[in-house]
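Thanks for passing this one along.

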Amino acid sequence: MKKLTLFSLFTLLLSVLLPLSGWAQGSIPFTIANNSPYPDSDLYVAIVGKDEAGNHLWINAANSQVLPMSSVYNTVTGPTYNGNTGPGQNSKYAACFTRLSNIPNKTFTLPYIAGCRVFIAQGQQLYLYFFGASGAPSGYAAPDFQNPNDPNKGIRYEFIELTNNQYGFFGNHTRVDSYHYPMGLELWGNGYYKRAGELKSHADILAAYQSFAPTAFQSLLNTSAGTITCPGKSPAFQAGGAQANYFGSYIDAIWSKYVNEDLIFNAGDAGVFKGRITNGQLKVVGQSGGFVGRTGIISRKPTTQEVLEGKGVLDQRVVDGDLDLVIQSQLCAAINRHVVNTTTPNPGQQNWYNASQYYLTAPANYYARFWHQGGISVDNLNYGFAYDDVNDQSSSLHTPQPTKVVATFGGFAGLGTTPPPATGVATFYKDCNYTGTAVNLPAGDYTLAALQARGILDNDVSSLKVNSGYEVVLYENDNYSGAALTVGSAGNTCLVNNPLGTGNWNDKATSLRVRTVTTTSPSFSVTLQAEAANVNNGMTVETCSEGGQNMGFVDAGDYLVWNGINFPTSGTYTIEYRVASGAGGGTISSDLNAGAVQLGNSTIPGTGSWQTWTTVSRTVTINAGTYNFGIYAQTGGWNINWVRISKASTAARTALATTSPEAATLGTQLYPNPVTDRLHVNAGNLSLAGSSYRVLDLQGRTIVKGAFDRGTAEVGSLPAGMYLLIVNTKDHQTITHRFAK
């Protein structure tokens with residue numbers, strides 16, 4: 001047996017990253033489903049973990065009572081192998097297991113709890129030893145794979161590891177130590193559903209592994225016991241074993257190559273790192289992301305055992321502790337997956353986040369690869385080694401607002417596909433082709449905070465489905481700003497290959513709107529980032545105050561071109577230019593196919609600085625088709641952030657047309673657009689003295705009105721949306737502008 005106080009890397013990271021103070025008393029139902037040939041009376045359940053203060057506890061599954069861990073519960077007599085009488089020296093163990101048949105509705109109440117394990121044993125209970133709730137020693141002793149005299153040897157069991165606190169539910173089933181039996185885990189939340197686990201029966205998994213595993217990994221399968229042990233816990237891969245130096249030649253090649261060449265790699269959200277091996281230490285410096293200029297260290301060349309289990313020098317705070325752990329996890333995962341380049345001279349920046357390239361070359365962790373191959377695990381996700389969560393390859397589930405959990409002993413074999421609950425009108429997926437975490441949202445506006453509260457992370461949407469009659473507008477920045485993409489009821493299978501011709505939108509959305517489409521005519525909106533143009537003649541990229549980059553230093557004759565922009569239907573389109581000018585402004589024009597179709601000029605006003613932005617728009621008529629769209633500086637002296645091309649729905653155009661001719665601007669300019677509090681109109685030579693204004697919604701209803709003789713309208717009270725501003729002058733002129741709030 002081994003004493004556990006930190007159950008896994010997963011729960012260790014949770015204890016570090018998620019403070020335990022201030023926990024509420026919330027709880028969720030946790031159900032044990034049985035998809036095995038064994039009766040409920042043959043399955044035994046125990047729950048152990050810690051409270052908010054770090055004290056060890058256990059939960060009586062029969063009545064959901066939460067109890068402090070104490071040696072007084074060590075009343076069950078267990079087996080004695082070769083004189084091993086356990087930590088209590090009396091072969092007594094905790095009476096903490098309940099038959100599944102004795103748990104009402106197979107469901108217990110899961111309170112806020114940290115570092116929790118839900119054990120499920122088949123045939124008999126496991127023999128856990130309770131030390132106590134706190135002090136030294138505390139915690140419990142759990143099954144020990146490496147002790148041949150462990151009282152739990154020969155008992156089939158599985159477990160779910162989890163933390164449930166004010167930040168939500170975090171949990172997974174795991175193959176980091178071993179496989180004994182298929183497991184499934186399902187998590188529901190506020191519009192959230194996801195599952196993880198095995199899809200095949202126990203017999204099929206054992207047979208599949210036997211036919212799959214290369215010779216070095218065959219010894220992990222114990223056909224008589226029906227188990228597969230991870231290589232790190234197997235005698236063959238430990239010191240003195242036949243495979244003890246399995247990764248040795250590969251690690252040697254890495255440590256040799258990057259003495260004289262730069263190792264450059266992308267660590268996902270942590271950024272890009274670059275460095276070399278000096279005096280046996282790998283030192284890399286952050287080039288971008290949250291660790292720019294900071295140095296992460298791996299203190300020496302790791303061993304095969306350290307790579308397989310993410311331990312030793314791959315789990316060590318050296319100088320900059322947090323960064324050291326990031327770098328160590330990235331390299332550990334890359335070695336297990338064999339994606340560190342050791343063959344190409346000076347390979348430049350390496351992509352360790354392309355899962356299609358994992359495990360293709362030996363030596364690699366073929367035990368982990370087995371759990372990720374098609375047909376074994378849901379979405380090919382599982383926990384095959386300690387750092388398998390690098391690039392989200394693990395089976396971890398999380399939602400900040402959990403409502404229930406179901407763990408299935410026996411996994412999902414024969415149960416078919418369980419779809420997300422149909423509680424909303426649009427479903428957002430973490431991965432392409434409608435896979436990965438699925439979150440279902442009703443119509444509404446969702447800032448980043450609102451998305452995170454429902455389990456959608458920043459820059460984490462790769463595909464989506466939208467019900468008929470609805471559309472989704474994705475925004476690059478929070479609060480519905482920056483570039484935007486509108487997706488209709490056709491959905492989008494992979495935003496990296498987005499069929500609307502708007503470039504790569506994979507993992508780009510930060511806020512979004514789910515809204516009703518009021519007409520059968522599809523709406524269309526595409527935002528073209530200036531710095532992403534296919535052709536740039538004369539403009540210079542610079543940092544933008546609105547986030548990202550813009551194009552500046554624009555002179556007369558400069559131009560940008562975006563290729564392959566599809567206009568789905570013929571009709572009227574609005575072109576919006578997001579511009580700034582620290583001078584007196586200038587003139588911009590647009591065209592299609594290198595000037596074959598001219599779309600006219602627009603005047604850019606002076607905005608007071610080169611990073612004070614406004615939106616200038618014009619309305620044009622375009623025939624359906626795919627074009628190369630260009631903008632041209634008729635005169636310079638301005639910056640541009642983006643261009644948005646939109647085609648309003650038929651219903652909206654009809655409603656607006658009942659009040660005035662569309663886009664009758666009379667040479668005036670509206671700013672800022674989008675607006676927060678006040679709209680302004682630059683009237684040029686037109687007098688606004690004695691004028692009045694109305695603001696209409698898209699149904700043509702007047703919702704704000706007042707005097708406009710100063711050229712300003714108060715719109716701070718309006719909810720987010722699209723509106724029409726109509727100004728009537730005393731000379732009976734009508735000015736019309738569409739704007740966004």
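Predicted model: local features only at pLDDT ≥ 70, side-chain atom pairs only at ≥ 80, totals over all residues.

1. The largest nonpolar core has 57 residues. Those with the most contacts inside this core are Tyr 209, Phe 217, Ile 228, Phe 273, Ile 335 and Val 340. Helix H6 (residues 321–337) supplies the largest share, seven residues. As background, nonpolar side chains tend to be buried together in soluble globular proteins.

2. Leaving aside neighbours within four places in sequence, Phe 273 is in contact with Leu 263, Ile 264, Phe 265 and Ala 267, among others. Its partners also include Val 284, Val 285, Gly 286, Gln 287 and Phe 291, as well as Leu 323 and Ile 327.

3. There is also another core, which lies apart from the largest one and has 52 residues. Among them are Ile 47, Leu 100, Leu 474 and Val 487.

4. Next, the sheet. Eight strands form an open sheet with mixed pairing, in the order E9-E2-E26-E16-E17-E28-E27-E30. E9 and strand E30 (463–466) stand at the edges with a single partner strand each, so one side of each is left without a neighbour in the sheet. From one strand to the next, the twist averages 20°.

5. How do E2 and E9 pair, parallel or antiparallel? The two strands run in the antiparallel sense, and four bridges connect them. For a place to look, find Thr 31, which stands opposite Thr 107 in E9.

6. On to charges: the structure holds 19 salt bridges. In one of them, the side chains of Lys 106 and Asp 40 meet at 3.0 Å, N to O. Lys 106 lies in the loop between strand E8 (98–99) and strand E9 (107–110), while Asp 40 lies in the loop between strand E2 (28–34) and strand E3 (43–50), so the pair ties together parts that are 66 residues apart in sequence. Lys 106 is partly exposed at 28% relative accessible area, and Asp 40 is partly exposed at 22%.

7. Arg 276 and Asp 262 form another salt bridge, at 2.7 Å from N to O. Arg 276 sits in strand E21 (residues 272–278) and Asp 262 in the loop between helix H4 (248–257) and strand E20 (263–266), 14 residues apart. Both ends are partly exposed: Arg 276 has a relative accessible area of 33%, and Asp 262 has 25%.

8. Ser 138 lies in the loop between strand E11 (129–132) and strand E12 (139–142). With a relative accessible area of 10%, Ser 138 counts as buried, because the cut-off for that class is under 20%. A polar atom of the Ser 138 side chain lies 3.1 Å from the backbone oxygen of Gly 135.

Definitions and conventions. Residues numbered from 1 in each chain as written. Heavy atoms only, no water. Buried < 20%, exposed > 50% of the residue type's maximum accessible area, 1.4 Å probe, protein only. Polar contact = N/O pair within 3.5 Å; in protein donor to acceptor, adjacent residues only side chain to side chain. Salt bridge = Lys/Arg side-chain N within 4 Å of Asp/Glu carboxyl O. Core = buried A, V, L, I, M, F, W, Y, C linked by side-chain atoms within 4.5 Å. Contact = heavy atoms within 4.5 Å. Pairing = 2+ DSSP bridges. Axes fitted to C-alpha atoms, helices over the stretch in contact; angles between N-to-C directions.
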